[in-house]
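Visitor: Please take me through one part of this structure in close detail. I would like the meeting of the two chains, with the cut-offs spelled out.

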Number of protein chains: 2
Amino acid sequence: MDISSLSQINPPPRLLMGPGPINADPRVLRAMSSQLIGQYDPAMTDYMNQVMALYRGVFATQNQWTLLVDGTSRAGIEAILVSTIRPGDKVLVPVFGRFGHLLCEIARRCRAEVHTIEVPWGEVFRPEQIEEAIKKVKPRLLLTVQGDTSTTMLQPLEQLGEICRRHGVLLYTDATASLAGNPLETDAWGIDAVSAGMQKCLCGPSGTSPITLSDRIVDQIRKRKCVEEGIRTAQHQQGDEEMIYSNYFDLGMVLDYWGPERLNHHTEATSALFGAYEAARLILEEGLEAGIARHKLHGDAVLKGVHAMGLQVFGDIQHKMNNVLGVYIPSGVVGDEVRHLMLNDFGIEIGTSFGPLHGKVWRIGTMGYNARKSCVMQTLTALEAVLNHVGFKTVQGAALQAAWDHYQASGAHA
Amino acid sequence: MDISSLSQINPPPRLLMGPGPINADPRVLRAMSSQLIGQYDPAMTDYMNQVMALYRGVFATQNQWTLLVDGTSRAGIEAILVSTIRPGDKVLVPVFGRFGHLLCEIARRCRAEVHTIEVPWGEVFRPEQIEEAIKKVKPRLLLTVQGDTSTTMLQPLEQLGEICRRHGVLLYTDATASLAGNPLETDAWGIDAVSAGMQKCLCGPSGTSPITLSDRIVDQIRKRKCVEEGIRTAQHQQGDEEMIYSNYFDLGMVLDYWGPERLNHHTEATSALFGAYEAARLILEEGLEAGIARHKLHGDAVLKGVHAMGLQVFGDIQHKMNNVLGVYIPSGVVGDEVRHLMLNDFGIEIGTSFGPLHGKVWRIGTMGYNARKSCVMQTLTALEAVLNHVGFKTVQGAALQAAWDHYQASGAHA
């Protein structure tokens, strides 16, 4: 490659209507282009404290320990798991898609004894199924996914906190794909730890992971506290059986950096923090409830449009996420041909699928900045045009009319 | 905190002349404000390939596996260490400052048997000292820091690769603070793995970590390959003794994501990648050698100015990094008072120190975008004014004249 010929970054304009990443809110990107300040500048530590307060709003929690892990969404997952799971701990994972498998995978790396229950892709668990497994396995932690984009399903979590308390189990949920697009009540539902990512309903780029931790789980993490080598005294030097397997993801250290002690750990990813700040500020300015309602409005518009086009949708639609829809690829249509025409001729990206759904289902997202009427209308009209072009006949304009009718019935003209 | 009163990000303008982070190049920040594209968009995978090519230039290597780890600089360190060190492996760490201790700390988390040699802060090792320790310890890996900002010292690495090959040892170096400001010849010096960070000489914000890996070390990492749960077959499911303790930092997986297979792992932090691309492009456009010479020019200007002000500098000045200088706080002067006046009245940040140097030494950086004449002149004149204000008398203008003389003698008028 002749690197001397490379010019400045100039990505092609795309409308990202897949399962994420989606287009970032331009205000988030502008915040990220702000000039840097020092790590311990009072202006910086103020911003860190404000980020904590803002994400308490987004997570619907009073948890003091609500902060960012510097990495993509799976960095947030791994930080919580590796800081909480002690080798040999039993964990229970209800698996209803790819990201349940990911929790198993990470927990195994933490040397957990991993137990799973599974439902077919496209379904979710009833609370009784989970409680029954808890009784049988007696895990220390229940690891759940709220919204699994691989199947587009949303696991109900409302009753799990109460069940977990009753059985002395810690409850974690991965809300990477669901947070701010679907209801999540960290405190009211009794969830001990939640992690998220920026590139779905939070309107930002992947790269930092908001997390929140209950006092109950922080007490467990603090038991494994390990002050960093450079500032450790002699009696701390020998390994503790429970020492966390990671320095970067040692949440005890990360808490001491975000907390009043401000003990040096990593150098905070300032630009990512600026973006995360602005994303949360915009979400709370709109109102968390209003934003979730907006995700439902536009998600339902896609659903109605797709139905009117004569397409079938995937999975238990009563439990689908507001922000992503699985659509069966019709017989005789090559899924990737449609995706390539959408991308190359219309600049619109829709998603393919993983595992058992690969080649069978497209995934269409309406989330974050792209949970907007114009994005929905553009995507439906392009999809109709492309489907007809490849030989799948639709009633002309029916999808658009269904979406228009939906918006009118919802009283949403914006 | 009343979060409803929070307004958009508006950091105070600062000139960051400490040990890093420093001000990002505005062109890097602008690149980061580009709109996002999909993870497998051909435009995105092209950018990933271009980033690999660009960082081969910055690391002076032909290594195929030259890429980004999504996290701060210590994420890059930990990814290399956790992917390479098997529990029980012996590692040798020559410690000459805080970041040598960090390597020990991370290696212990990886369950290594950690051996150290130490020199007093302000010194570096002679190659013979390191070879002698290698003979005694017989480690699998030698873990080194190139530039340790805690002491401002630069460890010579030229001869270590040859020594390591002779003894069958893998050689890693942490070049977070030194890369692009001081010579580093990955291939010519026979270094197996190098990691860096963006927030020092690379002109960007913290948040992504460029790394490069020799084929020799990749062969070792590949032996621990572990395909992710969701796509793993039955015979892979039982734990391998050598399984990497992390999913996020499993470089085997990260390589498969950056390589032609494009196996799904994390969602690449696109904005950080755009910034890293632009940073490397600008460095190579200036010329790696020219950029290093620029760091030496301005670093020496600070050194001469500080001397002319009657201040003493810290450590073995023959082995100092080009991009940061330790300056003794004169007797009778309160270090933090000077730093606060510099920050609050001039908007200029200089650094404090860690550990044994805390309260004794300031650290003044000239790196990346701030390795510029105007930054040096502003910092020297502000420091002179503040020192006189707190009662440390200097010869008026001597520091500035020394810097001017240095620039003139160097033929640098820009």
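Guide: Four salt bridges are counted between chain B and chain A. A salt bridge here is a side-chain nitrogen of Lys or Arg within 4 Å of a carboxyl oxygen of Asp or Glu. One of them joins the side chains of D250(A) and R109(B), at 2.7 Å from N to O.

A word on the basis. This is a predicted model, where local features need pLDDT of at least 70, side-chain atom pairs count only at pLDDT 80 or more, and totals for chains, interfaces and linings use all residues. Residues are numbered from 1 along each chain as its sequence is written, chains are lettered from A and ligands numbered from 1 in the order in which they are written, and side-chain values use heavy atoms, with hydrogens and water left out.

Polar contacts come next. Between chain B and chain A, 34 residue pairs are in polar contact, both residues at pLDDT 80 or more. The term means a pair of N or O atoms within 3.5 Å; within protein, one must be able to donate a hydrogen and the other to accept it, and residues adjacent in sequence count only if both atoms are side-chain atoms.

Which helices of chain B supply at least two residues each to the side that touches chain A? They are helix 1 (26-32), helix 2 (42-59), helix 3 (73-84), helix 4 (98-109) and helix 9 (270-286). Helices are DSSP runs of H or I, at least four residues, numbered from the N terminus. Helix 4 of chain B gives the most to this side, with eight residues. By class, the side of chain B that touches chain A has 39 nonpolar, 27 polar and 19 charged residues. Ala, Val, Leu, Ile, Met, Phe, Trp, Tyr, Cys and Pro count as nonpolar; Asp, Glu, Lys and Arg are charged; the others, Gly among them, are polar.

Now the extent. Chain B puts 85 residues into the contact, and chain A puts in 85 residues. Contact means heavy atoms within 4.5 Å. The two chains bury about 7400 Å² between them, with 58% of it on carbon and sulfur atoms. Buried area is the accessible area (1.4 Å probe) that two parts lose on being put together, summed over both. In chain B, I9(B), R109(B) and Y245(B) lose the most area to chain A. Together they make up 11% of what that side buries. R109(B) is also the partner of D250(A) in the salt bridge.
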